[in-house]
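Morning, everyone. Please look at the model on the screen, and I'll walk you through the chains and then the contact.

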Amino acid sequence: MKLGIRRIIALAFLIFSLLYIAFSFSLKEMRMIGDDRGWDPGSRALPLGLGFLMLALSIYLSYRESRKQHSPQPLEAGSRRLILLTVTLSVLYILLFEPIGFILTTSLLLYTLIYFNYEQDIRREMAVKFLAGFIFTLLLTLTVYTISRFVIRGLFSIGKSSGVEFLSSRLFSSFIALFLTAVLYMVLILSGRKMLGKPSTRAIVISVLTSAGVTEVLYLVFKQIFYVSLTQGIIIW
Amino acid sequence: MQELISGFLQVFNLQTVLWIALGEVFGIVIGAIPGLTATMGIALMLPLSFQLSNATGMALLLGVYCGAVSGASIPAILLGIPGNPNAIATVYDGHSMTKKGLAGQALGGAVVASFIGGILSLVALALFSPVIARFTLAFGPAEKATLAFVGLTIIASVSSKNLAKGVLTGAFGLTLALLGTDPFTDALRIPFPEALSKTPLTGGIKLIPALIGLFGISQALFDLERIREGRMAPPQLKIGKVFPPLKKIASMWRIIIESTGIGTLIGAIPGTGASIAVFLSYERAKRITSSPRSKLDRVGSGCLEGVVAPEVANNAVTGGALIPVLSLGIPGDSGTAVLLGALLIKGVVPGYQLFSQNLDLVYAIFFALLLSNIFMFSFQMMGVRLFPKVLSIPMAVLIPVIIVISMIGSYAIEGQAVLSAIFDMGVALFLGIVGYFLKKADYPIAPIVLGLILGGMLEVNFRRAVKLAGGNFLVFFTKPIALAFIILALVSVALPIIQRKRKP
């Protein structure tokens, strides 16, 4: 018998509530400091109560869902593959975020997801085109990143040496870096107009341009403006 | 007076005004794209607001909120598909007007109505929230615990057709809130404490990654299922005259007042939200216009009245839903749940304390909401021909971008501590996947968020109340306000059951 999603979720809650009750019993009973008379219900009280409430509800729902005839339509294989790809690559992204670094992992994750979503499936014959776009994404991302690093560092040292404070401000240099990226993109879009118009190459061009562009914007906003320590990974400059 | 001026200055400065404008445009775009919700928009902007000052951060989120609520009317009118549930009722008359060649009038009417609803509900917010907040002065631990309980119960019973599913997800949210350490003793409360005592799990589940996962990533995965269906392209329409005749709007005064009342009131009831308010106001407007004495066009026939009623109501919800947020710390809908989360993360405690110690922030929120409504009106009017173009952005591009923004946004909260930040990305992804499967099985997401937000308040006050009462668990039934909250919780559970039994 095939289990529908509703029954699976009800059963998952049932298992979770059993594990949660076991976890609540494993907790050391701690009471408020100075609670000599023992009036504090203790640190276990609420978790245990919740565990039993969830157990009762999940038993009821497991029973109820098993009596239902209608289950949601199963997903088509293509959509299932795209969701699986998104989840798998997102897990990989988190694992590789520190060793490889923000710039490369973000751009390549974006490229891969946009490309396959655009094509609406994953098939073996897409491999060559996909790899070509992968290399272009890598090159464009590194070019845009290198230009912005060069501009930001250059403006910083000019600002410091000349005493013109605003030149070295992160906001100003980020704005200039963004402006130069926009100019580069305009040149790329104008020169690649034909490829953008062709249905056979459209997906690749859009994926490459979007992934490198979005990565650069996120880098400038979070790293340069909000001082978030985005990991550098293998990019050493 | 000093606080009023301080609140004014916290909003009317170049930085904050620019952030509101940015939030507004982002909100309108998110609202206009079917499948992307207002709550998702606010959740995605949380990490940015976290980096800004309290007033500027809240102003940015309010801009997104207002923009997304009103932007939803664009596809509702042009394509007959609401951008999000706020515009469900706008579809009927709005799309009929488009078919009649009156798309410009419908879009313009929706903007004017949204503006009126937003401003009038702001007045209600400014009038009522201080009064209700003063009420909280009488709240001790027993009252606070039962208030958290009633908030959770109402959202659990309203957010799903199945009460058990609502309560179950609410309880699940509470279990997530209890992870980390005991609030009174700081003793670890995590599974396998020997092995995991040096991991970021000891800090518990943080609110922002959880909200981003539950509202951002889960929605993106959900939309991914429909990517192969494609989306209707926006029709090539002549928009024509946009601004509706003022005389016509003025003649709808009764619809406007009643819709504002419905929107503000429904918004202020925790857990209800705009989708109920828009239907109620639409039905009410239908009744008003079908009266033989009425000189207005009949709602349902593809007229401006049928657009104005739900659009006034959905923007009136924005102010209404903020009333319980600011005065009680209980959100009116899932969007304001995220706004409440943003306040709590910054250490701002809603209730009387907020109005007595942080009055300048309250005024700043009022001014920010005012400016958000003004920007919403101006941007939508100016961009009435431009914003529909966002409907051409392919979902194939949008979904991966949303997933990456969600991940980096979650990372940015602990931006200086790489391990914790990567853990937060993991939390967002995990809860995103959980939220996706729950949605597929018709479980509501909002109670999980409420559980996460109110879990701490519930546990601390529950234990404190019982201790102060000398171990007497009946303390919650002996205090009148606490008892009233418990009765309210029971009514909120019983009502949907009774209503369902009455239906044949």
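A residue counts as buried if 20 or more other C-beta atoms lie within 10 Å of its own, with C-beta atoms placed from the backbone. By that count, buried residues are 62% of the 504 in chain B.

Some ground rules. This is a predicted model: local features need pLDDT of at least 70, side-chain atom pairs count only at pLDDT 80 or more, and totals for chains, interfaces and linings use all residues. Residues are numbered from 1 along each chain as its sequence is written, and chains are lettered from A in the order in which they are written.

Chain B has 23 helices and two strands. Those are DSSP runs, numbered from the N terminus: helices are H or I, at least four residues, and strands are E, at least two. Its radius of gyration is 22 Å, close to the 23 Å from the globule rule for 504 residues, so chain B is as compact as a globular protein of that length. The radius is taken over C-alpha atoms, and the rule is 2.2 Å times the number of residues to the power 0.38.

Now, where do the chains meet? Contact means C-beta atoms, placed from the backbone, within 7 Å. Chain B brings 53 residues and chain A brings 57. On the chain B side, the elements giving two or more residues include helix 9 (163–178) and helix 11 (207–224). Helix 19 of chain B gives the most, with 10 residues.

Last, chain A. Domain 1 covers 5–67 and domain 2 covers 78–225, with bounds from an automatic or database domain assignment. Their centres, over C-alpha atoms, are 45 Å apart.

How values were computed
Buried ≥ 20, exposed ≤ 12 C-beta atoms within 10 Å, placed from the backbone. Contact = placed C-beta atoms within 7 Å.
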